[in-house]
Amino acid sequence: MGQKASIQLVLSLACLACFAACGGGSSTTPTPPKGSTPAVTLSSVATGFTTPLDVQSPGDGSDRLFVVEQGGKIRGVKAGSLLPTPFLDISSKVTVNGEMGLLGLAFHPSYETNRRFYVNYVRGSTSEPQTVIAEYQALITNPDQADPASERILLTVNQPGQTNHKGGQLAFGPDGFLYIGLGDGGGTGDPDGNGQDVTTLLGKVLRIDIDHTSSGLQYAIPADNPFSAGGGAPEIWAYGFRNPWRFSFDISSSRLFLGDVGQDQFEEVDIVQGGANYGWNTMEGLHCFNPSSGCNMSGLTLPILEYNHSEGAAVIGGFVYRGSTIARAPCRAARTVAEAGPHDGRAVLSVRPRLRMRCRLRASRPPP
Ligand SMILES: [Ca+2]
């Protein structure tokens with residue numbers, strides 16, 4: 001990121017690294033060859049963006065999409081056209097450098113009635129950056145325009161003086177709480193050990209209640225957060241992440257699927273559960289990282305999927321897909337493989353760069 005370029009937003013932008021849990025059942029049609037390219041096509045929705053990195057729907061029936069630009073603007077798309085005036089422009093507040101900038105957007109589950117939405121951005125100097133989680137509100141007189149003066153800063157997190165691993169995702173869970181992904185702060189190998197340090201918010205997925213407040217806070221701590229009663233920072237939901245850049249909730253199962261970007265070798269997908277430790281920087285994917293062999297894996301939750309850099313670059317998130325249009329053929333292939341050897345009956349579909357589809361079996365671990 002960082003280069004200014006006008007690029008096309010495509011319908012399947014968010015599916016570039018999508019994945020799905022696939023069920024069982026028997027196949028009645030021929031199995032496609034392993035690694036074959038399925039019939040996935042891309043359709044242009046709108047053009048004219050500068051470094052777009054997130055797209056969200058307000059869920060208010062308005063048939064609008066909102067695209068986040070790293071430089072600090074949120075752009076509205078209505079009926080296939082980019083609206084001329086940004087929905088929100090906080091460019092003057094945002095520090096853009098490397099992986100820093102305006103990074104995430106989430107609309108309140110009751111956005112249609114309360115017009116509130118939430119952003120994740122980085123501000124401050126490059127040597128002393130700070131993550132900001134803030135609430136804004138759209139104008140009641142113009143739904144295509146947010147009120148820049150409505151900012152309510154919920155949470156700030158001081159960051160190390162590196163330009164990478166700032167996380168960025170915001171998403172509301174089915175429980176109505178706001179989930180926030182924060183990276184380890186940057187550098188190589190998590191030099192400050194933030195992933196395993198439960199006293200810092202870096203290298204974590206956080207979970208806060210933005211509809212209520214606890215004493216001294218602009219939000220409340222959900223009572224069932226793992227450290228709500230002590231032992232760690234109460235905002236933490238899960239820990240041991242390197243850079244949880246994007247995640248999403250499976251609507252059907254309510255499970256949180258997360259892509260954690262790897263160091264130099266292995267990318268991973270996790271199903272995130274409260275209080276669990278996802279391993280960084282003790283492990284990278286399914287492999288010891290520090291130390292490089294013989295690491296202590298006790299108490300760590302391993303990914304449901306990993307791939308190495310000979311197969312693809314950074315994992316950039318995705319969504320669980322339960323339809324049949326693109327999943328059927330690859331999952332049939334997976335079932336065919338499953339029938340050939342020991343397995344737990346589950347498969348994960350991933351769409352990699354260049355849209356190569358492959359199914360992998362979770363052969364060694366029981367379903368969560
Ligand atoms: Ca991990």
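Some ground rules. Residues are numbered from 1 along each chain as its sequence is written. Because this is a predicted model, local features need pLDDT of at least 70, side-chain atom pairs count only at pLDDT 80 or more, and totals for chains, interfaces and linings use all residues.

Confidence comes next. pLDDT is the predictor's confidence in each residue, from 0 to 100. The chain averages 82, and 77% of the residues score at least 70. Two stretches fall below 50: residues 1-32 and residues 327-368. A contact here means two C-beta atoms, placed from the backbone, within 7 Å. Leaving out near neighbours in sequence, residues 1-32 have 80 contacts in the model. Residues 327-368 have 85, counted beyond near neighbours in sequence.

Now the overall make-up. The chain has 2 helices and 24 strands. Helices (H or I, at least four residues) and strands (E, at least two) are DSSP runs, numbered from the N terminus. Of the 368 residues, 42% count as buried. Buried means 20 or more other C-beta atoms within 10 Å of the residue's own; exposed means 12 or fewer; partly exposed is in between; C-beta atoms are placed from the backbone.

On to the sheets. Two strands pair if DSSP finds at least two bridges between them. Take the open sheet of 4 strands in the order β9-β10-β11-β12, with antiparallel pairing. Which strands are at the edges? They are β9 (102-107) and β12 (146-158), and each pairs on one side only. From one strand to the next, the twist averages 25°. Axes are lines fitted to C-alpha atoms, for helices over the stretch in contact, and angles run from 0 to 180 degrees between N-to-C directions. Strand β11 (residues 130-138) runs antiparallel to β12, with 8 bridges between them. Within β12, Asp147 stands opposite Gln137.

Next sheet. This one is also open, with 4 strands ordered β17-β18-β19-β22 and antiparallel pairing. β17 (246-249) and β22 (305-308) each have a single partner strand, so one side of each is left without a neighbour in the sheet. The twist here averages 15° from one strand to the next. β17 and β18 run antiparallel, joined by 4 bridges. They form a hairpin with 6 residues between them, and Ser254 in that turn has a positive phi of about 65°. Arg246 stands opposite Gly259 in β18. Then β18 (residues 256-260) meets β19 (residues 266-272), antiparallel, through 5 bridges. One of the partners there: Phe257 bridges to Ile271 in β19.

Now the core. A nonpolar core is a set of buried Ala, Val, Leu, Ile, Met, Phe, Trp, Tyr and Cys residues joined through C-beta atoms within 7 Å. The largest one has 66 residues. Those touching the most other members are Leu105, Ala106, Tyr118, Tyr121, Leu178, Tyr179 and Leu206. Look at Tyr118. Setting aside neighbours within four places in sequence, its contacts are Ala106, Ile133, Ala134, Glu135, Leu170, Leu178 and Ile210.

Last stop, Thr85. It lies in the loop between β7 (81-82) and β8 (88-89). Buried or exposed? Thr85 counts as exposed, because it has 10 C-beta neighbours inside 10 Å. Lys73 is 12 residues from Thr85 in sequence, and 9.9 Å from it, C-alpha to C-alpha.
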